[in-house]
Amino acid sequence: RLAGALVWLAAAACLPLTASRGAMGSLAVTAALLLAATALAGDRRRLRAPLVALAALGAFAVVLLLKPELAGESFAYKLRASLAGDYFSTRLPAWREALDAIAAHPLTGEGPAAIAPSIPLELARRLGLPAALLAIAALLSALFAAASASRRLATGAHPHRCGLSPSSVALGVAAGLAGLLLVGLAETGLGNRTTPLIAAALAIAALLSTATPDREV
């Protein structure tokens, strides 16, 4: 858990360097969901470390609000635009272009070279609407399967290994898939580096969905 917390903090601290508002928003939402799930589970002791990590991250966020140039000019520009209420101007032209391309080839798509700043739009533009809907449905199904497995396995008596239980793993997979879908609304990460990770998450969710409190995955 300590190693995971340190990796999470390092990733969160590096996110402003990417100037990705979608990624930062996704991190905030999924972190809040994990905290809420932990609190609802009634294990108050496990809240201490995440709250300390969030406090450190909050202090870092205050520093960036006061000195946004520390994360680069792109981050500073987007932060000022967001504070002024402008969230989508850098995406709207590309979204319109993608929608026009999808309308021109709704069933077959344009091929694997097509791009769009959104995972659903990029899937539809590359492969057509049927394939895109199938892929999004697979991600949503895996998310709900992992979330359901987390609740079900929490009632079991699995031994904790390295501080993690099958229920915790299932909750982490669900939160990761939720974060992917959230950031995927305004970003795209499809390619050789991320597709194997997404496929692995789907496979893990499928295995977790077959686990029971008295049988390990």
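User: Is Leu 185 buried or exposed?
Analyst: The model is a predicted one. Leu 185 lies in the loop between helix H8 (166-183) and helix H9 (195-210). A residue is called exposed when its relative accessible area is over 50%. With a relative accessibility of 52%, Leu 185 is therefore exposed.

User: Which residues form a nonpolar patch on the surface?
Analyst: Leu 185, in the loop between H8 and H9, is one of the patch members. Together the members have about 340 Å² of accessible area. The residues of this patch are Val 29, Leu 33, Leu 182 and Leu 185.

User: Around the axis of H9, what arc do the buried residues cover?
Analyst: The buried residues in H9 are Ile 198, Ala 201, Ala 205 and Leu 208. They are on the same side of H9, because the arc they cover around the axis is only 85°.

User: Which helices do the buried residues of H9 pack against?
Analyst: H9 has 16 residues and spans 23 Å from its first C-alpha to its last, close to the 22 Å expected. Its buried residues include Ile 198 and Leu 208. The packing partners of the buried residues are helix H7 (129-153) and H8.

User: What share of the residues of the protein chain count as buried?
Analyst: The protein chain has nine helices and zero strands. It exposes about 12,800 Å², of which carbon and sulfur atoms supply 71%. Of its 217 residues, the share that count as buried is 33%.

Technical notes
Residues numbered from 1 in each chain as written. Predicted model: local features only at pLDDT ≥ 70, side-chain atom pairs only at ≥ 80, totals over all residues. Heavy atoms only, no water. Helix = DSSP H or I, 4+ residues; strand = E, 2+ residues; numbered from the N terminus. Buried < 20%, exposed > 50% of the residue type's maximum accessible area, 1.4 Å probe, protein only. Areas by Shrake-Rupley, 256 points an atom, 1.4 Å probe, with all protein chains shown as cover. Patch = residues over 30% accessible without salt bridge, like charges linked within 9 Å, V, L, I, M, F, W, Y side chains within 5 Å. Salt bridge = Lys/Arg side-chain N within 4 Å of Asp/Glu carboxyl O. Expected span 1.5 Å × (residues − 1). Arc of directions from axis to C-beta. Contact = heavy atoms within 4.5 Å.
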